[in-house]
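Subject: Structure handover

Hello,

Here is the structure I promised to pass on. Please open it first, then read my notes below.

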Amino acid sequence: NKNINYKLLEPFFELVKAQCEDNEELMNFFLKYYSTSVQTPRDKIPISFIFHGSQGTGASTMIMLLQPIFKDDNVIDSANIDDFFGGHSEGFMSKCHVNMNEMSLQKSYKYTENIKSAISEDRISVNPKCVRPFSINNFAKITFTTNNIDGVPIDVKSGERRFNVYKRS
């Protein structure tokens, strides 16, 4: 596109590439996945991304920079996993992108099956306070950002297919 000044976007692409293990192919895969939220927002893609790195490596910043593409009410970025799966969870309502940040095994282990379901299922149950739980369409693209090597439980022995894990040193 002639109207886009790609020079202005260079720092953003450098950050995304760094989060994707400095691998341009992995970066393009992530950006194509994320772009479906704009191009075909009702298509559920049953995969997610886990960005692991030391504190200050920019995973949360990358997600924050992607958010202006969408209206704020279509995106949620929360370190409270109960916002998504707890007793009065509404985290997925009307969201096209969900980022669960600061994940740790301590937080996420009890929700292992819920996490897998949220990644792959077209419908998900929500439970707003003072309202009976109900089912909604689930179009959300899900990412996880963590400084913990074991931030999200993944059963590699079973051939888990839902997670793309990128590690930044």
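Leucine 65 is partly exposed, with a relative accessible area of 43%. On the scale used here, buried means under 20% relative accessible area, exposed means over 50%, and partly exposed lies in between (1.4 Å probe, protein chains only). Leucine 65 sits in helix 3, residues 59-66. Helices (H or I, at least four residues) and strands (E, at least two) are DSSP runs, numbered from the N terminus. Leaving aside residues up to four places away in sequence, leucine 65 touches Phe12 and Leu15. A contact here means heavy atoms within 4.5 Å. Methionine 103 is 38 residues from leucine 65 along the chain, and their C-alpha atoms are separated by 20 Å.

**How to read the model**

This is a predicted model, in which local features need pLDDT of at least 70 and side-chain atom pairs count only at pLDDT 80 or more, while totals for chains, interfaces and linings use all residues. Residues are numbered from 1 along each chain as its sequence is written, and side-chain values use heavy atoms, with hydrogens and water left out.

**The chain as a whole**

The chain has six helices and seven strands. In sequence order they run α-α-β-α-β-α-β-α-α-β-β-β-β. The C-alpha trace spans about 50 × 35 × 30 Å along its principal axes.

Of the 169 residues, 45% count as buried. The chain exposes about 9700 Å², and carbon and sulfur atoms supply 50% of that area. Accessible areas come from the Shrake-Rupley method with a 1.4 Å probe; for residues, only the protein chains shown count as cover. Now take the contacts between residues at least 6 apart in sequence: 67% of them join residues at least 24 apart.

**Charges and salt bridges**

There are 20 positive and 20 negative side chains, and the centres of the two sets lie 4 Å apart. Lys and Arg count as positive, Asp and Glu as negative; His and the chain ends are not counted. Each charge is placed at NZ of Lys, CZ of Arg, CG of Asp or CD of Glu.

Side chains of opposite charge can pair when their charged atoms come close. How many salt bridges does the structure hold? It holds four. A salt bridge needs a side-chain nitrogen of Lys or Arg within 4 Å of a carboxyl oxygen of Asp or Glu. Among them are these:

- Lysine 17 pairs with glutamate 24 at 3.9 Å, N to O. Lysine 17 is partly exposed at 29% relative accessibility. Glutamate 24 is also partly exposed, at 47%.
- Lysine 116 pairs with glutamate 113, with the closest N and O atoms 3.4 Å apart. The two are three residues apart in helix 6 (residues 112-120), so about one helical turn separates them. Lysine 116 counts as buried at 19%, and glutamate 113 counts as exposed at 52%.
- Arginine 162 pairs with glutamate 160 at 2.9 Å, N to O. Arginine 162 is buried, at 12%. Glutamate 160 is buried too, at 17%.

**Positive phi values**

Most residues other than glycine have a negative phi. Glutamate 102 has a positive phi near 55°. It lies in the loop between strand 3 (97-101) and helix 5 (105-108). Glutamate 102 is partly exposed, at 41% relative accessibility.

Cysteine 130 is not a glycine, yet has a positive phi of about 65°. Its place is the loop between strand 4 (123-126) and strand 5 (134-137). Is cysteine 130 buried or exposed? Cysteine 130 is exposed, with a relative accessible area of 78%.

**Threonine 145**

Threonine 145 belongs to strand 6, residues 141-146. Threonine 145 is buried, with a relative accessible area of 2%. Which residues does threonine 145 touch, not counting those up to four places away in sequence? They are Phe51, Ala59, Ser60, Ile63, Asn99, Met100, Asn101, Glu102 and Met103. That list includes glutamate 102, the loop residue with the positive phi.

Best wishes
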